[in-house]
Amino acid sequence: MFQFSEQPHKRKNLLTGEYILVSPHRSKRPWQGQVEDVVGAERPAYDPQCYLCPGNARAEGSVNPAYTNSFVFVNDFSALLEETVPETQADGGLLIAEAERGICKVISFSPRHDLTLPEMSMEAIKAVVDLWQKEFVDLSVHEWIKYIQIFENKGAIMGCSNPHPHGQIWAQSSIPVEIEKESKQQLNYYKEKGRTLLSDYLSLELEKNERIIVEGEHFVAVVPFWASWPYETMIISKRSIQNIGAFRDDEKLDFARVLQELTIRYDNIFGTSFPYSAGMHQAPTNDGEHPEWHWHMHFYPPLLRSATVKKFMVGYEMLAMPQRDITAEQAAKTLKEQSTIHYKVKR
């Protein structure tokens with residue numbers, strides 16, 4: 001009899017319509033690949049050379065205020081520029097390009113150089129959520145902005161250029177590719193069912209309780225059935241909310257709690273500051289009503305077997321489709337077994 005927990009199979013990503021290959025039998029293979037030294041995780045509370053610490057000068061000369069909570073500023077080396085003017089190119093209908101206008105901001109989560117989200121207090125994380133919401137609302141006032149991406153790259157192996165814990169917000173004049181995919185899938189489902197795709201999906205996940213990691217009053221952290229990365233998760237709002245701007249205060253507090261518990265569990269898996277790329281997906285802005293959209297936040301962590309062994313998307317994954325060895329259910333089991341007390345506190 002075929003067993004999905006033991007034999008190769010495909011799983012469909014409901015949000016993109018794409019498939020991943022799952023090969024659970026391969027998790028038994030011996031590892032003789034790369035193993036790296038663990039980089040020291042201890043940092044000072046204040047680094048006089050850090051561009052993000054309070055009172056320090058940044059690379060382009062601006063001086064940070066002596067901030068005591070979270071702090072936001074326009075990225076000194078923005079990938080998108082607000083002054084960009086509209087322009088298109090379509091040489092022979094083959095060399096196609098369009099100018100892209102945008103605003104890129106950086107959010108320092110804390111004045112402390114050594115505190116990542118899982119190590120911050122609930123009140124401090126709630127202050128970050130409040131700032132995320134405020135920035136979303138303020139940026140969405142600009143009618144030319146069509147999408148606002150709030151995200152964090154944590155850890156050097158995820159391309160983080162500064163070790164001071166921080167995130168980013170990119171607001172742009174068009175809708176990104178991944179959002180277009182998710183918009184299409186959610187709209188098709190909403191037209192057919194009259195409900196959001198993620199509300200039905202979350203109800204099923206809560207009923208089965210095989211991949212749920214954290215359940216709060218208003219938010220749930222789950223390993224998606226179609227997860228590609230080893231310990232990939234999603235935080236999904238229980239209410240069908242289109243964007244963070246619509247979060248109530250009690251929802252923001254619960255989101256902060258779920259975010260804290262999930263990231264503590266991540267750090268505790270291998271006793272390290274767990275790297276990831278994480279970001280919210282929400283409805284486009286200044287683009288009409290989107291009742292089909294359901295707010296959620298993706299976490300894509302690369303670590304696979306230890307604090308030094310990471311998953312690479314190479315070869316087959318780059319040329320054909322994503323592939324994973326450990327199943328989503330195995331990953332969920334590992335995450336659920338972790339303590340909700342940070343490993344640094346316990347030692």
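## Strand pairing and salt bridges

Lys10 has Leu21 in strand 2 as its bridge partner, where strands (E, at least two residues) and helices (H or I, at least four) are DSSP runs numbered from the N terminus. This is a predicted model, in which local features need pLDDT of at least 70 and side-chain atom pairs count only at pLDDT 80 or more, while totals for chains, interfaces and linings use all residues. Residues are numbered from 1 along each chain as its sequence is written, and side-chain values use heavy atoms, with hydrogens and water left out.

Strand 1 and strand 2 (residues 19-22) run antiparallel and are joined by four bridges; two strands pair if DSSP finds at least two bridges between them. The strands belong to an open sheet of three with the order 1-2-14 and mixed pairing, whose edge strands, strand 1 (9-12) and strand 14 (323-324), each pair on one side only.

The whole structure holds 27 salt bridges, each being a side-chain nitrogen of Lys or Arg within 4 Å of a carboxyl oxygen of Asp or Glu.

| Salt bridge | Closest N and O atoms |
|---|---|
| Lys126 and Asp249 | 3.1 Å |
| Arg248 and Glu251 | 3.5 Å |

Lys126 is buried, with a relative accessible area of 12%, where buried means under 20%, exposed over 50% and partly exposed in between (1.4 Å probe, protein chains only). Glu251 counts as buried because its relative accessibility is 2%, whereas Arg248 is partly exposed at 38%.
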